[in-house]
Number of protein chains: 2
Amino acid sequence: MKDKSKILIKFGERVREIRIERGLSQEQLAHLADVHRTYIGMIERAEKNITLINIEKIAKSLNIEIAKLFND
Amino acid sequence: MKDKSKILIKFGERVREIRIERGLSQEQLAHLADVHRTYIGMIERAEKNITLINIEKIAKSLNIEIAKLFND
């Protein structure tokens, strides 16, 4: 994707923030969420348009409700 | 997708509920969200793993925050 979408940027920043709060590395979160090792970095950098199924996997792995990933 | 994911089913039901509250047809919502005419039906039937960019388009068209699409 050439232009990074604002919503993907916001989501990626939120994932990074909570991942760090939880004391997890990108690789650790990827393992918990059962996604590719490099995937969390791509999401945090807004390089991928994440799907709902993967949003749920990440939310579960961060032990947070999906809605809370979208609250400011 | 063979097995419909619970999260996609829940999301689709929520979209349908709010779309009907707003008095919109699937085609009208598709037009507002700038997605294909048949796309809203597929989402409501949990036949597609929606991406975050399209979640945002639908939320905006329903005039609701993304977080509220995921609240029970």
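Let me begin with four rings, because A:Phe11, A:Phe70, B:Phe11 and B:Phe70 form one aromatic cluster, and please keep in mind throughout that what we are looking at is a predicted model. Over all chains, the count of aromatic pairs comes to 3, and I would like to take one of them slowly. A pair of aromatic rings is described by the distance of the centres and the angle of the planes. For A:Phe70 and B:Phe70 the centres are 5.9 Å apart and the planes stand at 10°, so this pair is stacked, given that planes under 30 degrees apart count as such. The pair crosses between the chains, since A:Phe70 sits in helix H5 of chain A, residues 66–70, while B:Phe70 sits in helix H5 of chain B. Are these two residues buried or exposed? Both A:Phe70 and B:Phe70 are buried.

Now let me widen the view to the whole contact, to which chain B brings 15 residues and chain A brings 16 residues. The size of an interface is often given as the accessible area lost when the parts come together. Here the area buried between the two chains is about 1400 Å², and carbon and sulfur atoms give 76% of that. On the side of chain B, the three residues B:Ile7, B:Leu52 and B:Ile53 supply 41% of the area this chain buries against chain A, which is more than any other three residues.

As for polar features, there are 0 salt bridges between the chains, whereas 8 residue pairs are in polar contact across the interface. Helices H1, H4 and H5 of chain B each give two or more residues to the side that touches chain A, and H4(B) gives the most, with 4 residues.

How values were computed: Residues numbered from 1 in each chain as written. Chains lettered and ligands numbered in written order. Predicted model: local features only at pLDDT ≥ 70, side-chain atom pairs only at ≥ 80, totals over all residues. Heavy atoms only, no water. Contact = heavy atoms within 4.5 Å. Buried area = accessible area lost by both parts, 1.4 Å probe. Salt bridge = Lys/Arg side-chain N within 4 Å of Asp/Glu carboxyl O. Polar contact = N/O pair within 3.5 Å; in protein donor to acceptor, adjacent residues only side chain to side chain. Phe/Tyr/Trp six-rings, centres within 6.5 Å; stacked < 30°, edge-to-face > 60°. Buried < 20%, exposed > 50% of the residue type's maximum accessible area, 1.4 Å probe, protein only.
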